[in-house]
Amino acid sequence: MPVSRRTLAAAAALCLALPLSACGSGDDGGGSADASGKVQGDITFQTWNLRANFKDYFEGVIADFEKKYPDTHVKWVDQPAEGYADKISADAAGGTLPDVVNVSPDLVAPLAKAGLALDLDKAAAKYKKEYLEGAWASHRIPGMTGTYAFPWYLNTGPLFYNKSLFKKAGLDPEKPPKTYDELFADALELAKKSDGKVATLANVPTIEDFGRYGVELMNKQGTAFTFNDAKGVQMLAKYKELYDAKALDPQALTATPESSGRKFLTEAVAMNPGSALDLGNFKKQAPNLYKNIGITDQITSTGHVNMYVMGVMVNSKTKHTPAAVAFAHFVTDAEHQMSFAKKVAIFPSTAGSLDDPYFTKEDGTDETRVRIAAAKSLKKAVNYTPVLFSEQMKTALRNEVAKALQGKESPEAALDNAVKQCNTLLQQQG
């Protein structure tokens, strides 16, 4: 898939719903979980919309693997971003799932529950120490033991803000908000000083925003959502205040990451999350904005920023487990992650890689500054979006948040309703 912070966010939002007939305990027949045999055989590797931009890179990785293991052959297939979850679902149900598959945590969850994702804690435990702890944990499924994909590339990014708009509102452009209280106060001030013409934020709160605010999203057992706690209600009430004051963009209820980005580009909103990739766009499409761009950290009450993570899963039914595990590890090892990270603005999930000078040494450019800040924050970052939080659940939360912002329900009632709907969907998943 196109790799940027926004597309990773969109990818993580896709949900996979396997037919009930595909569900199992994970202990039935099929391929062996033993990856210690000879690395040999023909395997298929599936990526997610990566061929267009990275054909040479992946063909090189495959050639190197086949050279290292002459008795193997890797067939590479690449699926379009559109309908990727449906494609995996159909393959899983039809028994045609490739041996090695590019997944996000929410895509791997139903596959693991259906017994189709190899447990790497059993089959590849020796590799665990090669990866960042938080990245390895990102493909664990609540209610199950095990890890079901190798972590691959990560992404996160800062908050960009428009110094010129801050200055016009009488705010210090060199002192952007660092806490939620400061963010809400600055947003109200910006709206007041511009007579409601300048909003600070362009998006309604999502599940990851509740996570960053310090809301307990789910119980420890993974059996129920809990984001309707006092903190969750408090956060939504604050957003309602912003919405009423036009400090939250009036079109936030129907905003997409792309439309929010355009609002920031045209200086209609004062702050927007992004990545190093965005700086090039600002420079090219909005030189005046680029001249006044401020860069600050994601706001969080937990001390941990949000990260998006991609993974590489091994099909538990593969006929060539040693080869499939060896290839999945090869693609995601430190050397290959590092070379991939230098081709696009993503970050490796391998331990120690973020200490490379590429992620630590300043060269005076904003692009490098963003990359260094993001790399530093990723060492402690977490993937706030619960693995079991499906696309339907995201829609349910968004709809209830919209009702609260429009005054059709209280924040408390809206979150109670959202949690109830999400827990019903969760039971249906089981």
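**Reading the model**

Tutor: Phenylalanine 340 has its place in helix α15, residues 334–341. Helices (H or I, at least four residues) and strands (E, at least two) are DSSP runs numbered from the N terminus. The model is predicted, so local features need pLDDT of at least 70 and side-chain atom pairs count only at pLDDT 80 or more, while totals for chains, interfaces and linings use all residues. Residues are numbered from 1 along each chain as its sequence is written, and side-chain values use heavy atoms, with hydrogens and water left out.

Student: Is phenylalanine 340 buried or exposed?

Tutor: Buried means under 20% relative accessible area, exposed over 50%, and partly exposed in between, with a 1.4 Å probe and protein chains only. Phenylalanine 340 has a relative accessible area of 0%, so it is buried. In α15, His336, Gln337, Met338, Phe340 and Ala341 are buried.

Student: What covers the buried residues of α15?

Tutor: The cover includes α2, β4 and α14 (321–332). For contacts, the criterion is heavy atoms within 4.5 Å. With neighbours within four places in sequence left aside, phenylalanine 340 is in contact with Phe54, Tyr57, Phe58, Trp152, Tyr153 and Ile346. Tyrosine 57 is 283 residues from phenylalanine 340 along the chain, and their C-alpha atoms are separated by 7.8 Å.

Student: How many aromatic pairs are there?

Tutor: A pair of aromatic rings is described by the distance of the centres and the angle of the planes. Rings of Phe, Tyr and Trp (its six-membered ring) pair if their centres lie within 6.5 Å; planes under 30 degrees apart count as stacked, over 60 as edge-to-face and the rest as tilted. By this rule the count is 31 aromatic pairs. For phenylalanine 54 and phenylalanine 340 the ring centres are 5.1 Å apart and the planes stand at 80°, so this pair is edge-to-face. Phenylalanine 54 lies in helix α2 (residues 51–68) and phenylalanine 340 in helix α15, so the pair ties together parts that are 286 residues apart in sequence. Both phenylalanine 54 and phenylalanine 340 are buried.

Student: Which distant parts of the chain does the pair of phenylalanine 227 and phenylalanine 389 link?

Tutor: The pair of phenylalanine 227 and phenylalanine 389 is edge-to-face, at 6.3 Å centre to centre and 85° between the planes. Phenylalanine 227 is in the loop between α9 (207–213) and α10 (230–244), and phenylalanine 389 is in the loop between α16 (366–378) and α17 (391–405), 162 residues apart. Phenylalanine 227 and phenylalanine 389 are both buried.

Student: Which residues do ring pairs link into a cluster?

Tutor: The cluster includes Phe45, Phe54, Tyr57, Phe58, Trp76, Trp152 and Phe340.

Student: Where does arginine 51 lie?

Tutor: A charge sits over a ring if NZ of Lys or CZ of Arg is within 6 Å of the ring centre and within 35 degrees of the ring normal. Arginine 51 lies over the face of tryptophan 76, at 4.0 Å from the ring centre. Arginine 371 is placed over the face of tyrosine 358, at 3.8 Å from the ring centre.

Student: In what order do the five strands form an open sheet?

Tutor: Two strands pair if DSSP finds at least two bridges between them. The order of the five strands is β2-β1-β3-β8-β4, with mixed pairing. The edges are β2 (72–79) and β4 (150–155), each with a single partner strand, so one side of each has no neighbour in the sheet. Strands β3 (residues 100–103) and β8 (residues 308–314) pair in the antiparallel sense over four bridges. Valine 103 stands opposite glycine 311 in β8.

Student: And what is the order of the three strands in the other open sheet?

Tutor: Those strands run β6-β5-β7, and the pairing is antiparallel. β6 (271–273) and β7 (293–296) are at the edges with a single partner strand each, so one side of each is left without a neighbour in the sheet. Strand β5 (residues 159–162) is joined to β7 by four bridges, and tyrosine 161 stands opposite glycine 294 in β7.

Student: What joins the side chains of asparagine 162 and glutamate 267?

Tutor: A polar contact is a pair of N or O atoms within 3.5 Å; within protein, one must be able to donate a hydrogen and the other to accept it, and residues adjacent in sequence count only if both atoms are side-chain atoms. A polar contact of 2.9 Å joins asparagine 162 and glutamate 267 through their side chains. Asparagine 162 lies in strand β5 and is buried, with a relative accessible area of 0%.
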